[in-house]
Amino acid sequence: IPRTAAMTVYGDLDVSVLDELPPGRTPIETQWSRTDEDEAAVWQLVRDEVAAGRQAYIVCPLIDESETLEVRSAQETYDELAHGELASLRLGLLHGRMPSADKEQTMRAFRERELEVLVATTVIEVGVDVPNATVMVILDAARFGIAQLHQLRGRVGRGVHISYCRLVGEANTPDGEARLEALVRTTDGFELAEIDLDLRGEG
């Protein structure tokens, strides 16, 4: 987070550097999928990983469709995928407007592999640990900040299998391009925090 990075540089703070992944974590291969052909390959990857016994997350910026923003919502994406590219898979939907009991039930079903794909908003950004999940698809990825993207990517790579992160959609600003290119280039949180600091300032 830019402010934290700035405080470690300018503030009188003691700093502990944890520059290794926790034990048992696996590498995450990150790609930026810009075109329709790229996106078709993303859904094929999801189908392939599920066929191999793994699970996937699909993250959207919004819960419901917006008339003003041209970005995909979780509800719309869930409906489209359930009847289209991922019709053969068991999908679940998770967002912040659901009652707590429904959210817990959906996460339990995903953890216990009753669901193969979880379509969600950023409610899964932290505190979710499903080692069998190996694919993180982030739709309209340029709508998210570097810290959010890095946190979301960290939901996979928690088991013994290689994991994949796919950043889907065009970036319409130079800053958006820089954010997505940084995520593809590195999984180092320190380097990403420095890039975020350069792009956003210290806040």
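Predicted model: local features only at pLDDT ≥ 70, side-chain atom pairs only at ≥ 80, totals over all residues.
Reader: Why is Ile146 called buried?

Author: The word applies to a residue with under 20% relative accessible area, and Ile146 has a relative accessible area of 2%, so Ile146 is buried.

Reader: How do you know that the buried residues of H5 line one face of the helix?

Author: In helix H5, which spans residues 146–153, the buried residues are Ile146, Leu149, Leu152 and Arg153. Seen down the axis of H5, these buried residues fall within an arc of 130°, and therefore they line one face of the helix.

Reader: What makes a set of residues a nonpolar core, and which residues have the most contacts inside the largest one?

Author: Such a core joins buried residues of kinds such as Val, Leu, Ile, Met and Tyr through side-chain atoms within 4.5 Å. The largest nonpolar core has 32 residues, and those with the most contacts inside it are Tyr57, Ile124, Met136, Ile138 and Leu167. Among the elements that each supply at least two residues of this core are strand S2, strand S5, H5 and helix H6. Apart from this core lies another, of 21 residues, including Val42, Val46, Leu81 and Val117.

Note on methods. Residues numbered from 1 in each chain as written. Heavy atoms only, no water. Buried < 20%, exposed > 50% of the residue type's maximum accessible area, 1.4 Å probe, protein only. Helix = DSSP H or I, 4+ residues; strand = E, 2+ residues; numbered from the N terminus. Arc of directions from axis to C-beta.
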